[in-house]
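Please keep the sequence and the structure in view while reading.

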Amino acid sequence: MTASTETFQPYPAAEPNPDFPRIEEEVQRIWKENAVFQKSVDFRPLEKDGKHNEFVFYDGPPFANGLPHYGHLVTGFVKDLVPRYQTMKGRKVERRFGWDCHGLPAELQSEKELGVSGRHDILKYGIDKFNAHCQVSVLRFTQEWEYYVTRQGRWVDFQNDYKTMDISFMESVMWAFKQLWDKGLVYEGYRVVPYSWAVESPLSNFETRLDNSYRERQDPALTVRFRLDPRDGDAGALDILAWTTTPWTLPSNLALAVGPEIDYAVMRKGDDRLILATSAIGKYAKELEGYEQESTLSAEDLRGRTYEPIFPYFKGLEKAHQILVADFVTTGDGVGIVHMAPGFGEDDLAVCKAHGLPVKVPVDVAGNFTAEVSDYVGLNVIEANKPIIQDLKARGVVLRHETYLHNYPHCWRTDQPLIYKAVNSWYVEVSKFKDRMVELNQQQINWIPGHVKDGSFGNWLANARDWNISRNRFWGSPIPVWRSDDPRYPRIDVYGSIEELERDFGVKVTDLHRPAIDHLVRPNPDDPTGQSMMRRVEDVLDCWFESGSMPFAQQHYPFENKERFEAAFPADFIVEYVAQTRGWFYTLMVLSTALFDCAPFRNVICHGVVLDEDKQKLSKRLRNYPDPVEVLNNQGADALRWYLVSSPLMVGGDLAMPKDARGIAQALRQGVLPLWNAYSFFTLYANIDQVKGQIRADQKGLLDRYILAKTRELVEGIEGRMDAYDLPGAYAIITGYYDALNNWFIRRSRSRFWREAGEGDGQDKRDAYDTLYTCLVTATKALAPLLPHVTERIYTALTGEASVHLADWPDVSYLPSDHDLTSQIDLVREICASAMSLREAKKLRIRLPLRTLTIVHPDADRLKGQFDTVLGALVADEVNVKQVVVSSDISLVGTRQLAVNAAVVGPKVGPKMKEVMAASKQGKWSDKGDGTVELAGVVLEAGDFDIRIQAKEGTHAARFAGGKGVVVLDVTVDAELEAEGWARDFVRAVQSTRKDSGFQVTDRITITAQVPDNIAGALTTHAETIKRETLALSLTVNPAALPDGAVSVDLSGTSVSLVLTKA
RNA sequence: GGGCGCGUAGCUCAGGGGUUAGAGCACUCGCCUGAUAAGCGAGAGGUCGGUGGUUCGAUUCCACCCGCGCCCA
């Protein structure tokens, strides 16, 4: 390299072996130093052409009490990708980060850290101190979160983050509750709910369903006898059977239920008589051995009969211990008779209430029996199963004791089995407006994948149940309801703002958390005695209520940002994993429908779950996944983004990720490296030639126009897919472009870049540079959202601009849109591939030139001009033949074959199709000479058929373009061709040795070679070519003595010796 | 038991009423190269889960069955 080229380099040198993770870190450092993210948001106007110009994205708040995992990374990539794209399209996309702070996870973490356990302990410890601890503890991992999010290349505003425990957020939540109250959509109810005795609180119906809280559990199943009170007409003492998997509910038994359509049998053995469903007799064959069926009974025969309670605790209770008839009773499991404990079963409660039975709940908040059940008082109900079974067995009332394996819901935080228990709770009356939710979902939401809309989400909405939003806990938004403590003077006040609280209680309110909020007490205005007080109901809100409030609460709506929120609601886009159809997607939908009568988002991607290669859940304990930090540091964030976002995850499927991260390495190889290689090629030669590329598209050369048109197709292809939220589709078309760019355009154009300055007029070289430059700059823009780091490095290096992410989405209208052109070159590429396969078959290496390639194609006459000028030379060079002959005369190479276009002809001819296809296969068709053909009595017109070529036997021919064309290769090799082949082998050996010796591509050399005689002649004949190709000043063949430093190289099977020196 | 999704090459997955069903990886063989061996190409590999039905024609649509996953009872 000369001194002048070292002083001026238009571009920074591209590392030939780039360390992408290190490049990413540099890029991220520059982003931070120059506040590029902030700029990318700020410079997009809030209004454009009189319209609100925001693309609204909601970031679902994560719970920061743990480290991010692959699930968060996947979501994070999409949460970054779509906003980057929309930003380039000109939209303003704010990305506020949010933290989910309240709720059970935070409380349980604090319990662990403080060494307190349960409500009782917390009350003793002090709610104030406990909540103060939660407030700190809950943000423990925010630093780590910020590291992960930043390192994965995700642009997020951490400065203006929102926290669900902020007083502004909480006030908006209060407002929402009051709105629902005013609309009559909130009520307090006494209901049987899934209840976690471990956290001493009921859970909402979807809390039990999020993730897999159901797991297999072996429970006892008991078939027990109840003695019916005698009645006239009874043949003797009658025992009725009942089946239960919760023996601990038997002390609370208040009734039995039979099904209206079920037939019951009386089975007798001696004086022992048992009643069970006729259809269940077979299941109890063993226990019923020796019994005979005495009679049958209907549900009506049993209705209203009373029985002796199995436990004495509620004996004599009014209306209790009778047989009821209920629709829900089936004979699937058990005996067709259901034991009813209205305090512990949803159906039980409904049926018993309808019959005027009382409800008894002798179990306390922690799941232990109360004094009402004197024999088991203080015992946890699950643990009480055992002694209860023992006692019943001892009394001889157990007909069968078995174990029963079933899926049973567990508490998602403590992993303890839930129980069902009647408690007082506050509900959102979702059932009242679920039809509207179904409608809004239908009309307003675009789901990816589409089946979720009417599938899991649509069905879930259609069957929505009222939402239990109260939690009998401490760390959460308070339920803003105050109630009179004297039922004689009832009054309920619901508050929707701090201002209202301050007005009524006359104090400044600075904290809405417990216990501060609980201290707000005032006399009941409706009580003339002045004795009763208004006190807040104890409960706090389910933290899912807050997640659903996020769109307005993060803006402190309606207290602030009223216009801003209203202009920016609903969101254009959200993304989370698919289980959020029961979680965040749902709570957003509920609150948005109730408050605004509107769907909360327009487009939603719900992605699948990352699993290990055996499709098992990722587990910290098992380490069955590659460490995300190592992946980011070894393969990089772009490769990981490519890998995850182009995976089946994005169409709702699961991803089985191998532990060795090989898929990510592959993504790097296929997705990132080729782009870098093209860029590296460009800068290498541009720096040597001191050329700066220019954006232009007026090049005349076919190859140039081809790749420019391909670039346009790439940009339009990505744009179309991104607009449809088809993210994997956008990635999928990139590799084809890389192939056209690297393995066709650059490879075919290589010599144009190293041509000496004096050769030709220089315009061709200029065109080559500008073409590649234009493609690279345009393509990196289109790829920027998909590969944000590597495109940033390349784009800034090429253009000197600050960031590709501040650029507009490329306008490609100036690039050629020439389908004829791209399809012509694609045809040439096919021709070359077919010709290569012929060489392959005959084991004729490409360096060995051959005489003639004949191309036969029906459209050859139309293409002949093109072939004679450029395409023919292209093919000749690529395939290494002296001559390319183009012809449309099929008879030269074979015969014509008719290929019926069945998709077109089938509908036209119908049943005759069979004959048509048969005739076509047998070649029984005739050319009518006017562009139509006839077979089996049917005339086919243009478009109905194609003509394909069947090559003659014995020729070296291969078909291309789906059989429409044929190439024939002349495979005779004469001495002249042989010699040229040796020369090319020699050139290649020299080049390879140059590279191994560490010479620069511009270094001049001398060559000395020791070769066999037959090759020596070839080298002498082609000496000038060899020297020119290898930048050699001299070529000495077979000298008397070979200088030092000879290396042995292989020339297509012949070993020769070479000495290269720098001239 | 019900709902949703899925079953296509050794693996991971596209596709889609039409003659010869594709991609990537892995495998075998080969090849280009004055950017890239983390490159390019070729080959082999499929009864498109099964059985019926609709149709001139089904891997594709329908029904049933089998298997897997998720959700629910």
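Predicted model: local features only at pLDDT ≥ 70, side-chain atom pairs only at ≥ 80, totals over all residues.

Helix α31 passes helix α33 in a right-handed crossing.

**Two pairs of packed helices**

Two packed helices are described by the angle between their axes and the distance between the axes. For α31 (residues 975-996) and α33 (residues 1023-1030), the angle is about 25 degrees and the axes lie 10 Å apart. Angles under 35 degrees count as roughly parallel, and α31 and α33 are therefore roughly parallel to each other. On the side of α31, the contact is made by A983, F986, V987, V990, Q991 and R994, which meet I1026, E1029 and T1030 of α33. By residue type, this contact of α31 with α33 consists of 5 nonpolar, 2 polar and 2 charged residues.

A second pair is formed by α24 (residues 734-754) and α25 (residues 763-783), whose axes come within 10 Å and cross at roughly 160 degrees. Angles over 145 degrees count as roughly antiparallel, and α24 and α25 are therefore roughly antiparallel to each other. The crossing of α24 and α25 is left-handed. Among the residues that α24 brings to the contact are I734, Y737, Y738 and L741, while those of α25 include D764, K765, Y769 and L772. The residues of this contact of α24 with α25 comprise 14 nonpolar, 1 polar and 4 charged.

**Buried helices**

Helix α20 (residues 637-645) is largely enclosed by the rest of the structure, because 9 of its 9 residues are buried. These buried residues of α20 include the charged residues D638 and R641, as well as W642, Y643 and L644.

In helix α5 (residues 104-114), the buried residues are L104, P105, A106, E107, L108, S110 and E111. Helices α6 (118-125) and α7 (127-137) are among the elements that cover them. After α5 comes G115, which has a positive phi near 70 degrees.

**Individual charged residues**

Which residues does K710 touch, leaving aside those up to four places away in sequence? K710 touches Y737, A740, T822 and D826. K710 belongs to helix α22 (residues 702-723). K710 counts as buried because its relative accessibility is 17%, and the cut-off for buried is under 20%.

R154 is located in the loop between α8 (142-151) and β4 (157-163). With a relative accessible area of 8%, R154 is buried. Apart from neighbours within four places in sequence, R154 is in contact with D59, G76, K79, D80, F97 and V149. The C-alpha atoms of R154 and D526 are separated by 56 Å, and these two residues are 372 residues apart along the chain.

K48, in strand β1 (residues 47-48), is partly exposed, with a relative accessible area of 35%. Beyond four places in sequence, K48 touches N53 and G90. The C-alpha atom of K48 is separated by 9.0 Å from that of R91, a residue 43 places away along the chain.

**Cysteines**

How many disulfides does the structure hold? The structure holds 0 disulfides. C606 is in no disulfide, and the nearest cysteine sulfur, that of C598, is 19 Å away. C606 is buried, at 0% relative accessibility. C352 is likewise buried, at 0% relative accessibility.

**Backbone features**

Most residues other than glycine have a negative phi, and most peptide bonds are trans.

The bond from R514 to P515 is cis, with omega near 0 degrees, and P515 lies in the loop between α15 (498-505) and β22 (522-523). The bond from F569 to P570 is cis, also with omega near 0 degrees. P570 is in the loop between α17 (562-567) and β25 (571-577).

Methods. Residues numbered from 1 in each chain as written. Chains lettered and ligands numbered in written order. Heavy atoms only, no water. Disulfide = S-S within 2.5 Å. Buried < 20%, exposed > 50% of the residue type's maximum accessible area, 1.4 Å probe, protein only. Axes fitted to C-alpha atoms, helices over the stretch in contact; angles between N-to-C directions. Helix = DSSP H or I, 4+ residues; strand = E, 2+ residues; numbered from the N terminus. Parallel < 35°, antiparallel > 145°, perpendicular 65-115°, else oblique. Left-handed = near helix turned anticlockwise from the far one by under 90°. Contact = heavy atoms within 4.5 Å.
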